[in-house]
Amino acid sequence: MAWLSLKVWLVGLSFLGCLYPLVDFSFSGETRGQKPNFVIILADDMGWGDLGANWAGTKDTANLDRMAAEGTRFVDFHAAASTCSPSRAALLTGRLGLRNGVTHNFAVTSVGGLPLNETTLAEVLRGAGYVTGMIGKWHLGHHGSHHPNFRGFDYYFGVPYSHDMGCTDCPGYNHPPCPACPRGHRPSRNLERDCYSDVALPLYENLNIVEQPVNLTALAQKYAEKATQFIQQASTSGRPFLLYVGLAHMHVPLAGTPPSAGPRGQRPYSAGLREMDHLVGRIKDTVDLVGKNNTFLWFTGDNGPWAQKCELAGSVGPFTGSWQARRGGSPAKQTTWEGGHRVPAVAYWPGRVPVNVTSAALLSVLDIFPTVLALAGAPLPRGRRFDGLDVSQVLFGRAQMGHRVLFHPNSGAAGEDGALQTVRLERYKAFYVTGGARACDGSVGLERHHERPLIFDLEADLAEAAPLDRGGAEYRAVLPRVAAALAGVLADIARDRVSRADYSQDPSVRPCCDPRRPACRCRAA
């Protein structure tokens, strides 16, 4: 089959201090045959228990529940890290942070990002003839060559990092609340160190800022429109496509939802879940309309809920991390307790993925990279070792076994960032370090190092409440296997070609539409 050429014009139009690009996809060549399309949707800070199909108490995810009924739901699916940037880097490379260099989050002023010598999923698929698009949160570097357009994506529309990393005119719900962007030359009153009042949140279309500050109440609608447009245009182009959607939901601030969007008196988190579910439903409906039998849709999350946000955080379901909770701190986001990294996951592909199936296979976000490449017939990049598996046989119901071992990196709560000190081995889970992130009550668990690790049997103890007796036969049988697995991966990483991210910061790299105006504000139309 002849290679197909994609022409993308980015026309910058000066309008009120911002550049507004016009993007035109023009394609030439033969029809693509039957290479599958891929839509990957990544929720942000969504709890395992937020998916109604997982947890009976949840009633806000009708579209996702229907997708699970028409596909396969994975109940032992894990983020590759329990915080934003490392989890996303692992998704796009199939490699843990100790390999790809991304061990903690990037900042608004970060000079670097995902190391440029790491190959992304989009880069491989674009080389295999795919048209590639990304909508939503990136958080892998925005300055220079770290921007998504230079990391394999033909089209980008979104916020380059978390949407709490800049002020807006309608700040939405946060705990504690942050002020709106300043409108005059007098700065906003900033009582919280985690609030950003000096620079407004930017919205990009390709390389250009099209809105600053972002209108959060309209963001979900814009993401849905851009995602459906991309799918429709790509589907008529004669080429297969990859669409990666990094949702703003369910990270704070939660947007103030219009009254018509949900029942009166509905709490903000439930309203946000319904808005997210509606967005996912629109994307799925578009897939069903234009490419149902040849498009693989994969929905999952980047990490568990941010417990310190109290009623604005999601549900961990039964994974309450009771051992840690009793000692203070949160066992959710930023931790290696199940609540921090066990995330919802649904696979949908009519005619290929079994219908209304619940799988207990041990899988990871790390598996997306090798699985998608295998389905696309594209080779893995050379000279690298990968932590994910091709799990296509599990997806298609031909195998029940995923990973035997997973390694959960430290993600900000305790221990050195990125270090592997928590090991999942089949039904068992071993902690060499514990310590909670900040909980809703303000407590932070004391960091404790365990020379003889705590080991939990997750089949008998989902809540991680009572570790195995260190003197018992079961503990003595499991410990050498855990130690051997950990020693094996560390030796493998030592032999690998690893990268190192540049975490240096420079205030001059902050995205700024108009530096002459307060908070880099674009002039109002």
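A disulfide (a pair of cysteine sulfur atoms within 2.5 Å) joins Cys-310 to Cys-440, with an S to S distance of 2.1 Å. The model is predicted, so local features need pLDDT of at least 70 and side-chain atom pairs count only at pLDDT 80 or more, while totals for chains, interfaces and linings use all residues. Residues are numbered from 1 along each chain as its sequence is written, and side-chain values use heavy atoms, with hydrogens and water left out.

The link of Cys-310 and Cys-440 is right-handed, with 110° about the S-S bond. Cys-310 sits in the loop between β11 and α7 (322–325) and Cys-440 in the loop between β17 (428–434) and β18 (448–457), so this pair ties together parts that are 130 residues apart in sequence. Helices (H or I, at least four residues) and strands (E, at least two) are DSSP runs, numbered from the N terminus. Cys-310 is buried at 17% relative accessibility, whereas Cys-440 is partly exposed at 44%; here buried means under 20% relative accessible area, exposed over 50%, and partly exposed in between (1.4 Å probe, protein chains only).

Cys-178 is partly exposed at 23%, and Cys-195 is buried at 8%. A disulfide is also formed by Cys-512 and Cys-520, with sulfur atoms 2.1 Å apart; its -100° about the S-S bond makes it left-handed.

Turning to the helices, α5 (residues 216–235) and α6 (residues 268–291) pack at an angle of about 10°, with axes 10 Å apart. Axes are lines fitted to C-alpha atoms, for helices over the stretch in contact, and angles run from 0 to 180 degrees between N-to-C directions. The pair is therefore roughly parallel, a label for angles under 35 degrees. Contacts (heavy atoms within 4.5 Å) involve residues including Tyr-223 and Ile-231 in α5 and Leu-279 and Arg-282 in α6.

Helix α9 (residues 368–376) is mostly covered, with 8 of its 9 residues buried. Among the buried residues are Phe-369, Val-372 and Leu-375. The buried residues of α9 pack against elements including β3 (37–43), α2 (84–93) and β11 (295–301). Just after α9, Gly-377 takes a positive phi of about 70°.

Terms used. Angles under 35 degrees count as roughly parallel, over 145 as roughly antiparallel, 65 to 115 as roughly perpendicular and the rest as oblique.
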